[in-house]
Amino acid sequence: MLCLALWLLPAAGLAASLPDPQMLLPEAVELSADRPAERFRTPYHIIKDCMTVSSEDGRYFHKAGGDEAAVCGVYLLTDPDRTVEVRFDRLDVPCAQGGLVSFVDGWEMNRQFFPSPSDHPKPLALRYHEFCGGDDRKLKKQVFESSQNAALVQYRIPARGKGFSFSVRFPKNSTPCNILLEGAADVYTLRNYGKRANCSLTSLYPAAVKVLSLDVGLANPERGLEVETGTLHKCRKRGLPDYVELGGSEGLDTSRLVVADSVCGLDSKPGSTLETILCEVTTVRLVSSGQFDNSVTVSLRQAGEEDVSEAALVCGY
Ligand SMILES: *[C@@H]1O[C@H](CO)[C@@H](O)[C@H](O)[C@H]1NC(C)=O
């Protein structure tokens, strides 16, 4: 935005002193020569902070102001039913001094990953794409797409004036499994689409989680009729293959989840289960063996100190 505003300003000044708009044309055409139509539509973002969280599409630019030794990141997050797509447009990152840029399928903070390696469809090593050097035709053609609504561009630019740029889009995802939430409290549904997979809904805040409807495990598809069992608790301990874990953790990795309850069954009565989880990170995790077509709908509300007497789980005390 800043970049766009800066180069529009002198043009606006010029327009005021030159009433004939035709006079501006040659310069305007030259400025937009590489992508005539897009140039005016694409939002621009200048990356300044070492840690940037953004939900905006468009082009991102970074140029090192000094010798930046630290590893920094642009944490991209979009709607639960979208993925993050990144293309690198420019690369001027010296390999020799340890410079690098990487696309990460998920978020990484303090060596913890979202989605947790135990919930992501790909092994961790395949979720990292690292590179350095100059503009490369092969790299420019590559499109990196995350498996969920969160992705990360990490970088270390050890030389002043060096940098990179990339473009971000958020394509639709018809089968969302892992979902990261940063802000708004709302209603979400987790499904396994009949597959053997673990899906999680993770919020970066303490939350009161209410189960609005539950259809997980138990049902015998051969009978063709599902029997309302109500909500069963401690399903994991009972040895049932499919269940929903409600819990919290101090970091992003849900494999370190402290579980307040695990539920399963068929229950369409909303509010059967309510758990207040006072941890930095709250997670609802659907574990599916592949034998059932599971779904669970929950509402999340941000919780605070005032909820401590109700809390099923309090982390870090
Ligand atoms: C899902 O999680 C369970 C328990 O945490 C684990 O045993 C199982 O292997 C996981 N399934 C997949 C597909 O990763």
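Q: In which strand is the place of Phe 88?
A: Phe 88 sits in strand 5. Strands here are DSSP runs of E, at least two residues long, while helices are runs of H or I with at least four, and both are numbered from the N terminus. Before we go on: this is a predicted model, where local features need pLDDT of at least 70, side-chain atom pairs count only at pLDDT 80 or more, and totals for chains, interfaces and linings use all residues. Residues are numbered from 1 along each chain as its sequence is written, and side-chain values use heavy atoms, with hydrogens and water left out.

Q: Why is Phe 88 called buried?
A: Buried means under 20% relative accessible area, exposed over 50%, and partly exposed in between (1.4 Å probe, protein chains only). Phe 88 has a relative accessible area of 2%, so the label is buried.

Q: And Ser 295, what makes that one count as buried?
A: Its relative accessibility is 16%, so Ser 295 counts as buried too. Ser 295 belongs to strand 22, residues 295-302.

Q: Which residues is Phe 88 in contact with, leaving aside neighbours within four places in sequence?
A: Contact means heavy atoms within 4.5 Å. On that basis the list for Phe 88 includes Val 101, Phe 103, Phe 131, Phe 144 and Val 153.

Q: What does Ser 295 touch, not counting residues up to four places away in sequence?
A: Among them are Thr 189, Leu 190, Arg 191, Ser 213 and Asp 215.

Q: How do you know that strand 5 and strand 10 pair?
A: Two strands pair if DSSP finds at least two bridges between them. Strand 5 (residues 85-92) and strand 10 are joined by 2 bridges and run antiparallel, so they pair.

Q: What makes strand 10 an edge strand?
A: Start with the sheet: it is open, has 5 strands in the order 1-3-12-5-10, and its pairing is mixed. Strand 1 (44-46) and strand 10 (144-145) are the edge strands, as each pairs on one side only.

Q: What about strand 11: which strands does it pair with?
A: Strand 4 (residues 72-77) pairs with strand 11 over 6 bridges, in the antiparallel sense. Strand 6 (residues 100-104) is also antiparallel to strand 11, with 5 bridges.

Q: How many residues of strand 11 are buried?
A: Strand 11 (residues 150-156) has 6 of its 7 residues buried, hence "mostly covered".
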